[in-house]
Amino acid sequence: MKNYLKKLDENLVFIKSFTKGDTLKIYTELTNVDNKLIHSRKVRVIKDIPYNNYKVELHIISKKYFNEDPEIDKLTVSEKLSFVNSTGRRTLRLDNLILELCAEMSAIGCERIVRKNIANISDSSILRLIKKNE
């Protein structure tokens, strides 16, 4: 499990995991490498590629920090995750896997394969992903 997470980011810390049906839920967080003062925390659910025939949901404890940069007017700054796509719902490696599968088939056919074996993603999300990466 730790090797699976290390492929995403070296700073991810494994907390716990459990299965519910055909889904593996992994709870994790990023280490606080900058030693900044933490304002708040929340859990973000991010879909990832399958692990041992289980669909994977990463439950990442994301932190907000107090802003220490005087040039920025915001009170807090959120933690940035380098392995998550622009919408913040899927990992980049899941997006790449979906794009590879959908290279020569329709979005609806690809959705059937993706929903059955990989993750619960709609055909409209797949279409947006394909259009964005053209």
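A nonpolar core, as I use the term here, is a set of buried Ala, Val, Leu, Ile, Met, Phe, Trp, Tyr and Cys residues joined through side-chain atoms within 4.5 Å. I start there because nonpolar side chains in soluble globular proteins tend to be buried together. What you have on the screen is a predicted model.

By that definition, the largest nonpolar core has 14 residues, and those with the most contacts inside it are Ile 26, Leu 58, Leu 81 and Phe 83. The elements that contribute two or more residues to this core are α1, residues 2–6, then β2, residues 23–30, and β4. There is also a second, separate core of 11 residues, which includes Leu 94, Ile 98, Ala 107 and Ala 119.

Which residues is Leu 81 in contact with, leaving aside its neighbours within four places in sequence? They are Leu 30, Arg 44, Ile 46 and Ile 60.

Now the overall layout. The protein has four helices and five strands. Along the sequence the pattern reads α-β-β-β-β-β-α-α-α. The C-alpha atoms fill a box of roughly 50 × 35 × 20 Å along the principal axes. The protein has 134 residues, and 33% of them count as buried. The accessible surface comes to about 8700 Å², with 49% of that belonging to carbon and sulfur atoms. As for contacts between residues at least 6 apart in sequence, 50% join residues at least 24 apart.

Next, the disulfide. The structure holds one, and it joins Cys 102 to Cys 110, with an S to S distance of 2.0 Å. Is this disulfide left-handed or right-handed? The torsion about the S-S bond is about -75°, so the disulfide is left-handed. Both ends fall under the 20% cut-off for buried. Cys 102 has a relative accessible area of 6%, so it is buried. Cys 110 is at 1% and therefore counts as buried too.

Setting aside neighbours within four places in sequence, Glu 111 is in contact with Ile 121, Ser 122, Asp 123 and Ile 126.

Back to the strands, and to a pair of backbone angles. Asn 52 has a positive phi of about 50°, although it is not a glycine. Asn 53 also has a positive phi, near 65°, and is likewise a residue other than glycine. Where is Asn 52? Asn 52 is in the loop between β3, residues 38–51, and β4. Asn 53 is placed in the loop between β3 and β4 as well. Asn 52 counts as exposed because its relative accessibility is 58%. For Asn 53 the value is 79%, so that residue also counts as exposed.

Last, the surface. Leu 37, Phe 66 and Leu 75 form a nonpolar patch there, with about 310 Å² of accessible area together. Phe 66 is in strand β4, which covers residues 54–66. Its relative accessibility is 32%, so Phe 66 counts as partly exposed. Patch residues need over 30% relative accessible area, and Phe 66 at 32% is over that cut-off.

To recap, there is a largest core of 14 residues, a second, separate core of 11, and one disulfide. That is what I have.

Key: Residues numbered from 1 in each chain as written. Predicted model: local features only at pLDDT ≥ 70, side-chain atom pairs only at ≥ 80, totals over all residues. Heavy atoms only, no water. Patch = residues over 30% accessible without salt bridge, like charges linked within 9 Å, V, L, I, M, F, W, Y side chains within 5 Å. Areas by Shrake-Rupley, 256 points an atom, 1.4 Å probe, with all protein chains shown as cover. Salt bridge = Lys/Arg side-chain N within 4 Å of Asp/Glu carboxyl O. Buried < 20%, exposed > 50% of the residue type's maximum accessible area, 1.4 Å probe, protein only. Disulfide = S-S within 2.5 Å. Contact = heavy atoms within 4.5 Å.
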